[in-house]
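Open the model in your viewer and keep the selection tool at hand. Each stop below says what to select next and what is there.

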Amino acid sequence: MSQKLLVPDIGDFEKVEVIELLIKVGDKIEINDPIITIESDKSSVEIPSVSKGIVELINVKVGDKVSKGDLILSISSSKEIPVEKIIPKDTENIIKEAETILKNQKERTIKTRPTIDEKQKIIKPTNENDIDPLETNDWLESMSAVLEKDGKHRAQFLIKELIDYSYKEGSDLVLSRNTPYINTITPEKETKSKGDQNIERRIRSLIRWNAAAMVVRANKKFPELGGHIGTFASAATLYDVGMNHFWRAKNNKFGGDLVYFQGHSAPGVYARAFLEGRLNEKQLDSFRQEVKPGGLSSYPHPWLMPNFWQFPTVSMGLGPMLAIYQARYMKYLINRGLIKDEGRKVWAFLGDGEMDEPESLGAIGLAAREKLDNLIFVVNCNLQRLDGPVRGNGKIIQELEGIFRGAGWNVIKVIWGSYWDSLIANDKTGHLAKVMNETLDGEYQAMKARDGLYVRENFFGKYTETKELVSSLSDKDIWRLNRGGHDPHKVYAAYDQAMKNEGSPTVIIAKTIKGYGMGKTGESVNTSHQTKKLDVDDLLYYRDRFDVPLTDEQVRNVQYFKPDEKSPEIKYIKERRLSLGGFIPERTSYSKPIKAPAKDIFDFMKISTGEKEMSTTMALVRMLTNLLRDKNVAPRLVPIIPDEARTFGMEGFFQKIGIYAHEGQKYEPEDSAQLSSYREEKSGQVLEEGINEAGAMSSWIAAATAYTNHDIEMIPIYLFYSMFGFQRIGDLAWAAGDSQARGFLIGATAGRTTLAGEGLQHQDGHSHLIASTIPNCVSYDPTFHYELAVIFREGLRRMHEKNENIFYYITTMNENYSHPAIPKDKDCEEGILKGMYKIKEFNKFKKTKIQLLGSGTILREMLAGAEILQNEYHIDSEVWSVTSFSELRREGMEAERYNLLNPDQDQKISYVEQCLGKTEGPIMAASDYMRINSDQIRPYTKKSFYSLGTDGYGRSDTRKKLRKFFEVDKEHIVAYGLSILAKEQLIASKYAKEAIKKYNIDTQKPMPTKL
Ligand SMILES: Cc1ncc(C[n+]2csc(CCOP(=O)(O)OP(=O)(O)O)c2C)c(N)n1
Ligand SMILES: [Mg+2]
């Protein structure tokens, strides 16, 4: 039996052009197989089949315009399947279902005591999960009575007391954003570590010593090197417990946990690697001396230590944000079936001062929403940052608790060490908890800079009850009362619970002392962060404090200490790591390259579009649609969009590959009947980030480094308004370079005059300049679709097939125009990739010539200007399409450098010079970016060079007016061209003057930068 396939609902569009037939008569098709591609003036979408069978007849051809209900084709099929799109979830049913639930709820009778008045009826328990409604009612009635008798403040007070009490009794399921200033896990509920605490302490002491020695030695040699001792000193236990018991390394059986180390605690990580036998003394001695290969980088930089560091974290705030998106991306890969779910975790270590960076907290809502129980934050609250206290007048731990709990995180506070346990247990009157709550961070800090007597007087001395509590303790005992973050038992228990937590991310907020153990010079003092030199007395104190087995002489020489390979310490440290699968951090990749698609997949972009006009953004989307048909590439593409898919004409992707949503789609979308309906799915491929460029970039980095973190090569393509790219998330882009990311960044709707109506804050005139500052970012500003195809294909080949550690920034525009076929010249493709090629030559008059270089859409103004110069002024020209001024500059710099270093050798000729050296006439270059963009190649041309550009603030107007304003339209190109030729004494100046008059160019108008 025969069936008809019709054009489905395509939204607001009528008469949309068919641009591709993806089937032919006789083909066997399955449900969801794409059958044709249609294209409106903004986007192209594939229409999938809603039936299966053999194609009998095709009713449309390329170029036809179709609307909803038009016949596309008919197929023969044995089974009767409705021709209409499969009916979406029935709204009626959903409503009915909801009504039934509501009805049932109403009918559910709760046994309550007879109610006395109307008001009490309102507070009847109605919660379905209530296991004892009678008891609940008792409580509610009491509350009602309190409210009536003593008012809302008293009611609030009682609620708070109840919550605090339940917390103290061991319930961490609190209903308040804040809990008392004590540990979340009560001593009875602590899971005990199976580790040998004595050996672990000795190992930790050696790591502490070697980390400090490393910084001191480096600064003795070269005082300018700097470094930090105080940070790691405060975090040593937090790291050690993780290293000894929790963090599983990547190996051939397991994907590995991912740990984001706090940037300036790097010395501690090196010191441990030294004991593990991964680094030697010579390497420790090259800390912060990275110019000579083999030096240890100041902070975690994968670019500088590509086999060691995994994540760049030292730009505060990026670590937490990247870690959240890393954890989210891990779930994405699992939900898409690309990696196994092995219970891997992402750990991020952060400073309490660092939490003030907006990025640190900016994505915590997403982490909770996406139920990232594979994510664990550890915030080291040593109460200090660089200059002074983080919250001298407040309490950072309580503040963070409120914020994270409010966002939906599992919060574990690790405030007090084991020595406090009995005191807290004996705090029958609650006064100890009261002092703990009342004492400010500034006071806590000051206490640890003093001594036991000071603490007795100023802390315990506040109330008779607390004074009494410690009356049997000596000052030394009081001084020994430790903070939670320095107690391996407390830290172990917290990590253990974090590992077991399900359904939400965990934050461990640990209290420590900055410069722990450093004594007078560096412990808990405001200058702790800056301390990088310790004098002999401090070193001796540090040695004694941690029982490091060094003689005074060895201490004076600041020697490292590493026990014998056969010592229990070294055996223990190695055994621990062996049992956890290997070393951390370590950066490796076992991903397989992706075979670049056959060239012909791009061929459709090498022919002319004829009359048809389209933007390069649309050409890109067309290209991606085609790439999604390549079986090697398709599953690896990760389109990432911050809420602009429709702007870029990408809504077709919603249905085709779905939007990633970890819970799938729990609602029927409003537009479910339409072809491009908003489809969320657990295995969705598109990362739709919402209005969140930093988040989108973090996702992109996670995907772009999946080759090392998950051993799977992915192809992330992040499309954004070009102005909200590098300018907005520049530091993340720099971190992407450091991380050796591989993928595409697409600055869409690019240019300062091409994006016409949006105005000052949208119009980008400098993203290419920022992109060019990142050494491994390759950027292009193509004009025509074939240029885009050549560039993109090469990007795929270099990054994902050949695994070069580079990433691409390509700008695409929203200006519609027709695209010519790729020039026949055999060197054209090479020129496109190198950065320029000759696109047209005007050679009619053979008298006066000018070289015209154009980039992006301004190339078209150049071409139009060249036409006028030829026809109206008899000026010949060569027009060059410059696909990348930045790449030309890089090549030019290299050639120049070689020549300067090798004055007696054959001199290299830069590619710019190869193109322009033998040409006639001066050069005029222009782009839709600031003049400095085209000026990049000025030093490599040996000719007169003039550039036009869009310097100044953008503004909203028509494209034509904007180009006139910024003086990059064809009329200015003609006038400036003539003026340049006059200045070079190649023509008389009157021609230029005439043109200026003819085109109404106001010579008195100030520079656009001043307007
Ligand atoms: C974006 C950024 N701003 C400033 C710095 C300089 N800096 C490095 S560490 C630091 C203080 C860190 O304090 P905190 O986060 O509390 O960490 P702690 O050393 O106390 O553990 C500052 C300001 C930086 N690395 N990154
Ligand atoms: Mg701090």
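Predicted model: local features only at pLDDT ≥ 70, side-chain atom pairs only at ≥ 80, totals over all residues.

Residues are numbered from 1 along each chain as its sequence is written, chains are lettered from A and ligands numbered from 1 in the order in which they are written, and side-chain values use heavy atoms, with hydrogens and water left out.

**Stop 1: the magnesium ion**

Select ligand 2, the magnesium ion, together with Asp 352, Asn 382 and Gln 384. These residues supply its protein donors through OD, OD1 and O respectively, at 2.0 to 2.1 Å. Donors are N, O and S atoms within 2.8 Å of the metal (3.2 Å for Na, K and Ca); water is not among the atoms, so sites may look incomplete. Along the chain the donors have the spacing D-x29-N-x1-Q. Asp 352 is in the loop between strand S10 (346-351) and helix H10 (358-362), and Gln 384, 32 residues apart from it, is in the loop between strand S11 (375-381) and helix H12 (396-407). Helices (H or I, at least four residues) and strands (E, at least two) are DSSP runs, numbered from the N terminus. Are Asp 352 and Gln 384 buried or exposed? Both are buried, that is, under 20% relative accessible area (1.4 Å probe, protein chains only).

**Stop 2: ligand 1**

Now select ligand 1. Among the 17 residues around it, those that come nearest are Thr 231, His 264, Asp 352, Gly 353 and Lys 514; a residue counts if one of its heavy atoms lies within 4 Å. The side chain of Thr 231 has an N or O atom 2.6 Å from an oxygen atom of ligand 1. For the side chain of Asp 352 the distance is 2.8 Å.

**Stop 3: strand S19**

Select residues 715-721, strand S19, where seven of seven residues are buried. S19 runs parallel to strand S15 (residues 637-641), joined by four bridges; Ile 640 has Tyr 718 as its bridge partner. Two strands pair if DSSP finds at least two bridges between them. Five bridges pair S19 with strand S20 (residues 744-748), also in the parallel sense.

**Stop 4: an open sheet**

Finally, select the four-strand open sheet, ordered S5-S4-S2-S7 with antiparallel pairing. Strand S5 (44-48) and strand S7 (65-66) are at the edges with a single partner strand each, so one side of each has no neighbour in the sheet.

Definitions and conventions:
Buried < 20%, exposed > 50% of the residue type's maximum accessible area, 1.4 Å probe, protein only. Polar contact = N/O pair within 3.5 Å; in protein donor to acceptor, adjacent residues only side chain to side chain.
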